[in-house]
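Hi everyone, thanks for coming. Let me put the model on the screen, and then I'll walk you through two parts of it.

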Amino acid sequence: MMTEFENIRIVEDGSVGQIKTLSEFSVFDCYAKKWSDKPKVIFRNIMLCGLYPNKDFCMGEIRDTEKDYRRLNPLLPEGDDKPWFLDLASGARTDGRFTFARDTTIGKLYYGQPDKDQWKRIIYGSIMHTGCKKLVYKQMKYIVVDDEAKNQNGNPQDDPINGFHWRTGDSHAKASGALMNLLEITRNDDGSPLDGEIPIQFRACLPSRNGQPGWVGKGTVSYNPHCDEKGIDLVIPLSSLKGNKPELGNYEGKLLIGTVFEAEERRTKLGWMIWQWFAFSTLEDDLIISKLHERCQKLSAAFNSIQNLAEILQLDQKESDKLLQELQEPVETDDYKSPVLRIIKADKKGLLLLHPYIIERVRDGIKEMWLNLAKSCGVRFYSLMAQPDENLAHYHVVQPDGTIVGQKVFCAGSLPEGEYIVYCNPMRHWGDIQLWENKHEGIYQNAIGTMAAPKLLLLSLGRDTDGDFVQLIKSSKYPFLRDAIANFDKPPVVAKLPKVALTGNLQQIAINSMTDLTGVVASLLGRARAANAEQIVLKIPPGGEQKQEKEMRIIEFLSQELQIAVDSLKSAYPNNEAGLKAVTDFLNSINAAAPWLKDFKDESCYRNHPCAVDEDAQDTVSRIVKIVNSYYREPSFGAPVSPRDFLNVLFDDVPHDPEQYQHALSERARYRTEMAAASNLAAKQAGGDAGLAGQLR
C-alpha cells in the first residue's frame, strides 16, 4: 500500500489541523494466492490511512458467493516474509472485498477485544474506509451521552452525568460553532461561513495510543449554541459509537473527524417503486402522463441528430436546475453536471460534436433519459437530509405498533410551509408515501438542506438521522396523488427488529456478511404488485427467526423481509429464505412476470433496444414502460469517426516530441485496461447474484 500523507497544521502547536491522504490498496486474489492484475483501489481522505499512513493494507478478494471461510485465512504473497491478516470489512464487502493488514491488525483496538465484539469489525469496518471531503483533527473537550436517556420525571435528558439535555438524537451529535466551522466546506465567496446552519454527516475516531483502546463513530452533527456557552466542542451519543463505547461522561482528547457531506437541497428522480401504488388514471389526472408523452416526443424527434440530442441533454439539466431555483436559497454544485455538457457548452464551433467520446457520452445520457422516463415519468422531487427534532412530536401520538395518530409535522426552513408528499426508497409498502405538514418551528428553522422531524415519525418512513435523505414535493403540485395518498388503506405493520450479532470467527463473519437480499425482495414485491397479487394469503414456511408455518398476506411478509434485508448490512437478523422461495414459487405458478424489473438493469436497455414489457400487462409501471417504448428510437449518428481525425484540427499547432507521444499511448493503454476491469465489475453487479438471489429472481 502506498499513502500520500499531508498534515496541514492550522494551529502551530499541532492542536488543530487538517489531514489529506491518497492511498492505493493492491488487490490480492485469494484463489490464485497472488497479487491480482486488477486496478488498485484508490481511497481519499479515509480515517484508516489518516491514522496509519505507514502501515501496509491490501484488499483481499473472493467471489461474493463464496461459502468457505478459509479463503480469508492469512495471506502470504510470494517473496513476503510477513503474513497479511483479515482486519476489517471495506466498503465493498458485498462484492467480496475485505481489508487485510500486514503483520498486525488494528481492528480490535477500535471495535473491541472480546470475541463477541469481532462482528463489529465487519459490520462497521467500512466507517474507517469512508472517503471524506475534509479530514481534520482537534484537541477538544467532548461528552459521551445517551440520546435515549430520560430523567426521573420521564423527560428527555441525554446527559445524566451533567444533568443537561443537549438534544442529541439517533446517531446525531452536537458541536460548537468552532468545530462546525472547521468541518464545513461550503462558504461564501469571501470565505466566510454561510448565514444558515449546515448539518454534516461525519466520521470520527479517538486514535488508539500505546495499545490503549480508541473508538470510532458515525452519524450527523449540527450546531448547538450551548456547546459554546459551556466550552464543549462535541457531544456524541452512544448510538453514534459503533465499536468500543466509553462510559458516559466528560473527556478530553485529540479526535480525528471527517466531513462526508454537508446537508444540501438536492433534486432526485422518482423510481418505479412509488408509481406501483397508484392507479394509472391518477397519474393521468395530474397530467403526469400527458407530460410524459411530450417529453418522449421531443426525445424521439432528435434521434438522428447529435446536435439536437446534445441540446436536449442541456435542456434536461436546466429543467432539473429550475426545480432547485424554486427554493428560497438554491444550492447547486458541479457534481450534478455532466462534464460532457460543459464540453458541449464550451465548444462554440461544434468541433467536437462528432468526436467518438462525445457521441458515446451523449448516447449514455440519452439512454439514461429514456430510462428515467420509463422509471419515473421524468418527475423529480426535492431531497433533504433528515435531522431529529422532538420539539415537533407534540402534534401527534405514536401507537404501540408505530402508527402515527394526529398531524405529521416537520420543519424544512428552505421550503415554503404547507403540506408535502414525502417518501423514501426502498419502499416497503404504500405506507412509505405519506402527507406531512411543513411548519417553520423548532431548532432547525435556519438550517440549510434539512428536514427535521421527531425520531418515531421518521421511523414510520424507515428513516433515521445518520445521514438519510427524504424525498418530498408540495402536495398542491399533484393534487390527485395527494388525494390518493390520503385515502390509502392502513399499511402493513413493519417491526423494527433488534440487531443481532454475527457469530463465528472473523473469517466466518465476513463470509456471512456478503449476502444482501434487498434487491431480491424489492423485485418480488414489484412482481406481486404488477400481478395484483400482494393481498393474497400464503402459508409461509418457517425460516430465519420464524419457527412455525404462518398464514400471511404477501405484502405483509415481503414488507417485513425488505426491512430485514435493508438492516442486514448492520445486523445478522436473518431473512426467511424458505418463505421468499415460497413466494417466488407462487408468483411463478401464476405467471406473475414483470420483465422490466430485470431489463431496467441491463446496460443495453434503451441504448440498443426498448425495455422488455408484457404487452398485455395493465399495471401502472408496465403501462408507463409501454408508452416510452412506443416513442423510443435508437440514436443514429451515421458512420463512426476515428479520434485520429481530430488530431490535426485540435492539435496542429501544439508541439510535442516522440517521448510525450509514447507516454500518451502508454497512459491510454492503462486507462483502457482499468476501464475494462471497471466495466466488467459493473456488468457482474448488474447481472445479479448467483445462489439464492439468482433462484429468487
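Let's start with a definition: two strands pair if DSSP finds at least two bridges between them. Helices (H or I, at least four residues) and strands (E, at least two) are DSSP runs, numbered from the N terminus. This is a predicted model, with pLDDT of at least 70 needed for local features and 80 or more for side-chain atom pairs, while totals for chains, interfaces and linings use all residues. Residues are numbered from 1 along each chain as its sequence is written, and side-chain values use heavy atoms, leaving out hydrogens and water.

First, the sheet. Five strands make an open, mixed sheet in the order E4-E3-E6-E8-E7. Strand E4 (34-35) and strand E7 (84-89) are at the edges with a single partner strand each, so one side of each has no neighbour in the sheet. E7 runs antiparallel to strand E8 (residues 97-102), joined by five bridges, and Leu 86 stands opposite Phe 100 in E8.

Now, how many of the twelve residues of H19 are buried? Ten of them are, where buried means under 20% relative accessible area (1.4 Å probe, protein chains only). Among them are Ile 624, Val 628 and Tyr 631.

H8 and H19 pack at about 25°, with axes 9 Å apart; axes are lines fitted to C-alpha atoms over the stretch in contact, and angles run from 0 to 180 degrees between N-to-C directions. That makes the two helices roughly parallel, a word for angles under 35 degrees. In contact (heavy atoms within 4.5 Å) are residues including Leu 292 and Cys 296 of H8 and Ile 624 and Val 628 of H19.

Methods:
Buried means under 20% relative accessible area, exposed over 50%, partly exposed in between (1.4 Å probe, protein chains only). Angles under 35 degrees count as roughly parallel, over 145 as roughly antiparallel, 65 to 115 as roughly perpendicular and the rest as oblique.
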